[in-house]
Amino acid sequence: MSILPDRQRYSALVLPVVLLLVWQVLAWRASTPLFPGPGQVAISIWRLYPQIVGQIGYTLMRAAAGFLVAAVVMIPLGILLGRLKTVGSVLEPILDMMATLPPPAVVPIVMLFAGTGDAAKIAVIAYAAGIPLIMNTYEASKTLHPMATLVARSLRLRRLETMVFIDLPASLPMIATGVRLAVASALLVSVTAEMLLATNGIGVFLQRQQENFQIANGLAAIAFISMIGLIVNDLVQRLERRLLFWHYRLDLHNER
Amino acid sequence: MGAFRFMEILAWFRAIISFLIIIVIWQSIALLGLVPEKYFPSILAIAAGFRDMVISGELVSAELRTLSRALLGVASASLLGISLAVLGDLFPSFRRGFAPIAALIQPVPPAALVPMAVFMLGLGPKLYAFIVILVTVWPPYFNGVAALASVSDVQIRTGQMLGLSRWQILRQIKLPAAMPEIFAGIRYASSISLIAVVVAEMLAGHDGLGFLLIRKAFAIRIPEVYALMFVCAVNGLIMNTAVNGLRWRFAGWQLRMAGQAA
């Protein structure tokens, strides 16, 4: 990405600034605390940011824990299913079906088994993050190039060794896509889970603000959530580019 | 053609077998009492719960509401996303200005929007329209922008050589070329829209599957909860089928080409 010429950079700013102004004018005209303008939201951000950052900390920690659980369970399972073709093809329709089930719908069941504590929330997040992980890993390891299997055989690798040294690295590019989807959905579901199984976290903060009719504070929290989401998604993408440099380099060569 | 038929039958066969296996495993766990029966009812109990809800009519009305909300939402979000992508393609300055807005709104979860949106939009259809569209408009938009920008120069030049206007080039060359990628976005959007509708119903609704799910869970009617989850999953399949059908209509050229090559 090169630096844009000055005129283009200004034209990129026009639309956001106009929208902010329109919002502010609408808020002045409505002049009710139920429809705050960007000014009031900025004040809320200034006043509440220590509290919001603290609550987001809880949320992020749970999202990370849920994602880790999902990655540790689902990536090996996906590779295993891709290797064991019969088991995989029998389980595939079930996976498809689970993929279409919205993660919040599992909340009531998780509540029965795990209550409303951290474990329950992490379980819901892990379910949400696990689906894209296992789908992508399974797909990648199922459609592995036949040559890779032949190489493994001629090296006399055992089954486990084949999975670790051949299947896993070969599936990494698609797993990375799964990771990106999984991180995004872990963040989304963590807020939802907090609102349904309230204890603490940014979801609870939002609900508290709603109960007290503090719309500006709620919008401030949403602004923080969106910033955090932006940063995390960007970090994941950068990490992927860095760790999978060989894959992207390969792509470049093929295009030439 | 014969081989295709055979593969199709095989796929159905596999689906039925895996379904049967799940039922057998589920039933044996329930019968062996590994998990308290209260939390893990047998298939028969779940089926009975399903039947009761169908007879009382609550399941059918909730299902129709949820499905129509999700379908309407994803349809309008897709149209909006494609229009915005076209707008961005015609006016690059719009695209640059819209980029930071899109980047900021996109990671906001539907659940976070519900409590604030309730004040401004009430609990009616406006709430669902707002939540679903704000959450699902992005995949078609981003895919559309990327696909419109990467239409090959040769195709565009050919259009210019044939004396097509800018609008005709967009309508007859660029959009059809971008459709497969746009539909990949719409497919993703359709699964998010179902999530957004169920979340909104759980948090703020007074009807629909999400609301029914929460109410049954608090009433500890566990078989009904499992039956509702099953219905939710079937909804996902319905949405997928609908999107695939439309995809065949609008982006079928790609599939037909792939079929010929094989």
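D234(A) and R238(A) lie four residues apart in helix α9 (residues 215-243) of chain A, so about one helical turn separates them; helices here are DSSP runs of H or I of at least four residues, numbered from the N terminus. The side chains of D234(A) and R238(A) meet in a salt bridge with an N to O distance of 2.9 Å, a salt bridge being a side-chain nitrogen of Lys or Arg within 4 Å of a carboxyl oxygen of Asp or Glu. D234(A) is partly exposed at 34% relative accessible area, and R238(A) is exposed at 56%; buried means under 20%, exposed over 50% and partly exposed in between (1.4 Å probe, protein chains only).

The model is predicted, and local features need pLDDT of at least 70, side-chain atom pairs count only at pLDDT 80 or more, and totals for chains, interfaces and linings use all residues. Residues are numbered from 1 along each chain as its sequence is written, chains are lettered from A and ligands numbered from 1 in the order in which they are written, and side-chain values use heavy atoms, with hydrogens and water left out.

Over all chains, 16 salt bridges were found. One of them pairs E92(A) with K142(A), with the closest N and O atoms 3.5 Å apart. This pair links distant parts of the chain, 50 residues apart, with E92(A) in helix α3 (residues 85-99) and K142(A) in helix α5 (residues 118-142) of chain A. E92(A) is buried, at 17% relative accessible area, whereas K142(A) is partly exposed, at 27%. In chain B, D52(B) forms a salt bridge with R51(B), and D52(B) is partly exposed at 35%. Salt bridges with shared partners also join R65(B), R69(B), E201(B) and D207(B) into one network.

Between the chains, 50 residues of chain B are in contact with 48 residues of chain A, contact meaning heavy atoms within 4.5 Å. The buried area is about 4300 Å², and carbon and sulfur atoms give 84% of it; this is the accessible area (1.4 Å probe) that two parts lose on being put together, summed over both. R96(B), M116(B) and F119(B) supply 16% of the area that chain B buries against chain A, more than any other three residues. Zero salt bridges were found across this interface. Helix α11 of chain B gives the most to the side of chain B that touches chain A, with eleven residues.

L10(B) is found in helix α1 (residues 2-32) of chain B and is partly exposed, at 37% relative accessible area.

Notes: Helix = DSSP H or I, 4+ residues; strand = E, 2+ residues; numbered from the N terminus.
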